[in-house]
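Here are some notes for a colleague who is opening this entry for the first time.

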Amino acid sequence: MDRFVIKGGSRLKGEVKINGAKNSALPIMAAALLADGPSTLTDVPDLADIQAMCDLLGDLGAAVSRNDGGTMTVNVTDESLCHAEYDRVRKMRASICVLGPLLAKRGKARVAMPGGCAIGSRPVNLHLRGLRALGADIELDGGDIVATAKRLRGAEIFLGGPFGSTVLGTANVMMAAALAEGTTTIESAACEPEIQDLANYLNAMGAKIAGAGTPRLTIEGVTSLCGAAHRVIPDRIEAGTFMVAAALTNGDLTLPNVRLDHMLAVVDKLREIGVTVEKANGGVAVSSARRLEPTDVTTHPYPGFPTDLQAQLLTLLCLADGNSAITEKIFPDRFMHVAELLRMGADIRKEGPTAIVTGVKRLIGAPVMASDLRASAALVLAGLVARGTTTVHRVYHIDRGYERIEMKLRALGADIERASDE
Ligand code: EPU
């Protein structure tokens, strides 16, 4: 297992290119199972989760090839294989998004039921409710979801749950409805840019989807879809993480390929805290004078402040001048980073789904343990600004979602090394 050793205190300066979005690429790769013919995807990031999805598509009869430049082709050669096994699904929860495509294209799917993870309980009841509404028979057998349908039929589906819309649930039902007979309406659909990106890819394949990016999707089913070429959107969470890195280190970063229109809630919050975010040469320049104002923030589905940047923002607020409150409305238990930040001298009090953060003068380097992807990013950020040395253990979590983050940070002036625990 690898760890990062970080000596804090360097100002980050320079330009950093943001990769294609993991959370766009994963469902888009699953959607390639719907096509008759090969798809070519570009700007696919080189991540452990992407490799896991490649392996899963291989299990399901697809030939997948990739090059170093982020181009991938997916071509289905055997449609008899329909089992996404527990060993794959437990390592990567996004495996659940092969369920809709397998069911719609092959008439049957057997996908291991995902369990919870470090960010809390993660049910899939809404995915199943939506697919049942399209006419699928679904039962549980030996921990697997077994779904069958001769031909799915369009339906009116309300997909909201107790925590609002569901991103991968919307993806699953939208992908299945693309090949259903008749028209499907999804109400309370997720509006995330990743859902818009998936809809754009499906439409390029011949699907008829309208309303992506709004809470009401209308999908006119078609009888077949062809392979298509598609470029994955830039990763708004990676971009937000680097913006926080600039703010924390009193730095000055340019992000040349950010979709600011996907990040309005994040930019608005950063500006409120005192971070300067400006359009520059087709991209974004981020700098900070290092007096950070405290703030209150609540995570919401898009276009609200994303849960996937909650941990990173919390690290930033540890150094603000006063008290802040961060409330998690998507995954109320997603606070594993708090205990680790306390080890670095942060002053944080948890009250239910809220963290009350009192700004401190400085964080102090310490050995800390990564628990999930975004929590690990928050600890790396803390290490960049802490006095002394921070060792972040179990960085395989961060490799799931950030491509070579230590190399990108080093190129900007950070003192960070990857070391092996062996
Ligand atoms: N929910 C239900 N029932 C369901 C599905 C979800 O009650 O059937 C609840 C969840 O428990 C949660 C809320 O609805 O409280 C939203 O969950 P959602 O389904 O939107 O999450 P997801 O689709 O499983 C994706 C991202 C996550 C991101 C969330 C929220 C991918 C691969 N994953 O997960 O990303 O946090 O949306 O935006 O797209 C990450 O990248 O680190 C990550 C965890």
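1. Helix 5 contributes the most to the shell around the ligand, giving three residues. Please keep in mind that this is a predicted model.

2. The shell around the ligand counts 24 residues, and the closest are Asn125, Leu126, Thr166, Asp308 and Ile330. Sorted by class, the shell holds 11 nonpolar, seven polar and six charged residues.

3. Which residues place an N or O atom by an oxygen atom of the ligand? Arg122 has a polar side-chain atom 3.0 Å from an oxygen atom of the ligand. For Arg334, a side-chain N or O atom is 3.3 Å from an oxygen atom of the ligand.

4. The ligand on its own exposes 820 Å², and the protein buries 92% of that area. Two or more residues of the shell come from each of helix 1 (22–31), helix 5 (125–133), helix 6 (167–178) and helix 12 (373–385).

5. How many disulfides are there? With a cut-off of 2.5 Å between cysteine sulfur atoms, the count is zero. Cys191 is in no disulfide, and the nearest cysteine sulfur, that of Cys97, is 18 Å away.

6. Is Cys191 buried or exposed? Cys191 is buried, because its relative accessible area is 10% and buried means under 20%. Cys226 has a relative accessible area of 39%, so Cys226 is partly exposed.

Note on methods
Residues numbered from 1 in each chain as written. Predicted model: local features only at pLDDT ≥ 70, side-chain atom pairs only at ≥ 80, totals over all residues. Heavy atoms only, no water. Near = heavy atom within 4 Å. Polar contact = N/O pair within 3.5 Å; in protein donor to acceptor, adjacent residues only side chain to side chain. Areas by Shrake-Rupley, 256 points an atom, 1.4 Å probe, with all protein chains shown as cover. Helix = DSSP H or I, 4+ residues; strand = E, 2+ residues; numbered from the N terminus. Nonpolar A, V, L, I, M, F, W, Y, C, P; charged D, E, K, R; others polar. Buried < 20%, exposed > 50% of the residue type's maximum accessible area, 1.4 Å probe, protein only.
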